[in-house]
Amino acid sequence: MKMMSEVCESKIALIDNAWANSVDIFTNRQKVKIVADEIILKRRIYAFDQITLEVWFPDRVSVSHETLLLAILMIAREKGMHLEFDERTTMLQDVEGDAPLLKFGKVSMTSGRLLEACGLPKSGNAFERLERHLSDLSKIHLKVKAKDRVAQSSILGFEWSKNRDQITVHICWRFAQAIFGKHWSATINMNDRLRLENDVGRTLHRWIASHLWSGKSAIYKLETLVLKCWREPTESSSTQRWRKREVIQALKDIGNLDDWDVDFEPGDRVTIRRR
């Protein structure tokens, strides 16, 4: 039985397709002890078509951080963004290369609206978590190299209003351009994402959405999909079997959504079709 939408209107986030297709910083990772004030930055480089994405990110970012990022992009699309660039007022950090020549997006929203878009309750703990996650996202830096051009900045910056009920977010040029159709974007149905109750399902949903447009289908190896869901590989055979089971269950959950059909094939393969 397909999982029916509780609301008629789809809540859509548009995100740069090169990022959605390649960047795996939010995927599941080995459990480590997280110290509240400790920031460990890591660096990864991704090649996509004719561009290179270089990303610095706090090691503790997770799938819930990605949900927050997508919620911001969804609200920016719904409300409309102001496009501007003023180096004196931007909240983006380390704006270098060609980035000063490119306009960033600016959007304001209530903290309650942002929590709602993330599927979180409007409680004290949720507000604290929201602030921590926003701070972590603001520490993610992106450098894009395309032919002879290089642009770099943090992916977003934010500022609270005086009474802390409104948040103004500055969105980096790359994500702003995707919302305005300047280059390819992946379409993420946020209603569907929030119905998927675990991180594996949400990670797979984002990744396949960056590969398949409406009406398209593809066959994938389960082994390939497992690799998309965990940041670190494992040599443990028991962990490999557990990860495979988790991916199979996530695919079944995605197949129960209105927009997707999932059929398991012989030889550990799966056919996925986007309606």
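A residue is called buried when its relative accessible area is under 20%, exposed when over 50%, and partly exposed in between (1.4 Å probe, protein chains only). The structure is a predicted model, in which local features need pLDDT of at least 70, side-chain atom pairs count only at pLDDT 80 or more, and totals for chains, interfaces and linings use all residues. Residues are numbered from 1 along each chain as its sequence is written, and side-chain values use heavy atoms, with hydrogens and water left out.

**Confidence**

The pLDDT, the predictor's confidence in each residue on a scale from 0 to 100, averages 90 for the protein, and 91% of the residues score at least 70. Over residues 1-8, the pLDDT is below 50, and this stretch has 20 contacts in the model beyond near neighbours in sequence. A contact here means heavy atoms within 4.5 Å.

**Helix α2**

Helices (H or I, at least four residues) and strands (E, at least two) are DSSP runs, numbered from the N terminus. Helix α2 comprises 17 residues, 63-79, and its end C-alpha atoms lie 24 Å apart, in agreement with the 24 Å that it should span at 1.5 Å a residue. The expected span is 1.5 Å times one less than the number of residues in the helix. Of the 17 residues of α2, 13 are buried, so that the helix is mostly covered. G80 follows α2 and has a positive phi, near 90 degrees.

**Salt bridges**

Side chains of opposite charge can pair when their charged atoms come close. A salt bridge is defined as a side-chain nitrogen of Lys or Arg within 4 Å of a carboxyl oxygen of Asp or Glu. The count by this rule is 18 salt bridges.

| Salt bridge | N to O distance |
|---|---|
| D24 and R44 | 3.0 Å |
| E66 and R193 | 3.2 Å |
| K244 and D268 | 2.6 Å |

In the bridge between D24 and R44, distant parts of the chain are linked: D24 is in the loop between α1 (17-22) and β2 (41-48), and R44, 20 residues apart from it, is in strand β2. R44 is partly exposed, at a relative accessible area of 24%.

E66 of the second bridge pairs with R193, linking helix α2 to helix α6 (residues 190-195) across 127 residues. Both E66 and R193 are buried.

K244 is partly exposed at 30% relative accessible area, and D268 is partly exposed at 40%. Elsewhere, salt bridges that share partners join K11, E78, R113 and E116 into one network.
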